[in-house]
Amino acid sequence: MKNDRHKPAGPSQRMLRVGELVRHALAQVFARGEIEDDDLTGAVITVPEVRMSPDLKLASAYIMPLGGARAVEIVAALNRHARFIRGRVAPEIDLKFAPELRFFVDETFDEFGKIDALLRSDRVQRDLHADEDDEGKD
């Protein structure tokens with residue numbers, strides 16, 4: 001009978017640590033303005049998260065330009081220059097193999113906005129105030 005072990009649901013510590021190394025290296029490359037592209041001119045790019053594949057050979061970098069303007073254009077430009085960026089990031093992370101980079105627009109800011117709007121909605125506020133009234137009766 002096979003010994004089926006429970007696999008962890010989330011990323012390993014190594015994946016998280018390497019993701020942070022890649023994130024910092026990408027931020028440095030963007031801050032230095034090493035990529036020459038008209039779509040990236042004047043863009044301030046933040047890198048909120050980098051997710052690594054389990055074998056550490058693929059890095060999915062989620063980026064958001066400051067203010068959120070032209071995000072799709074900037075992601076397309078970064079994906080066009082992914083090999084160049086990989087060459088700049090590789091010496092910074094000190095791994096046997098430099099991960100392949102893929103860039104995506106970070107949608108978490110939009111999700112936070114939706115959750116915030118939901119929490120501020122009249123229905124939720126009414127329910128919250130109803131709970132406070134019930135506590136006062138005890």
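The buried residues of helix α1 pack against β1 (45-52), β2 (58-65), α2 (71-80), α3 (82-93) and β3 (100-105); buried means under 20% relative accessible area, exposed over 50% and partly exposed in between, with a 1.4 Å probe and protein chains only. The model is predicted, so to speak of local features takes a pLDDT of at least 70 and side-chain atom pairs count only at pLDDT 80 or more, while totals for chains, interfaces and linings use all residues. Residues are numbered from 1 along each chain as its sequence is written, and side-chain values use heavy atoms, with hydrogens and water left out.

Which residues of α1 are buried? They are Met15, Val18, Gly19, Val22, Ala25, Leu26, Val29 and Phe30. Seen down the axis of α1, these buried residues fall within an arc of 135 degrees, so they line one face of the helix; the arc is that of the directions from the helix axis to the C-beta atoms. The face turned away from this buried side carries the exposed residues Gln13 and Ala31. Just after α1, Gly33 takes a positive phi of about 65 degrees.

Turning to the whole protein, there are five helices and three strands, which run α-β-β-α-α-β-α-α from the N terminus on. Helices (H or I, at least four residues) and strands (E, at least two) are DSSP runs, numbered from the N terminus. Of the 138 residues, 27% are buried. Among contacts (heavy atoms within 4.5 Å) with a separation of 6 or more, 66% come from residues 24 or more positions apart.
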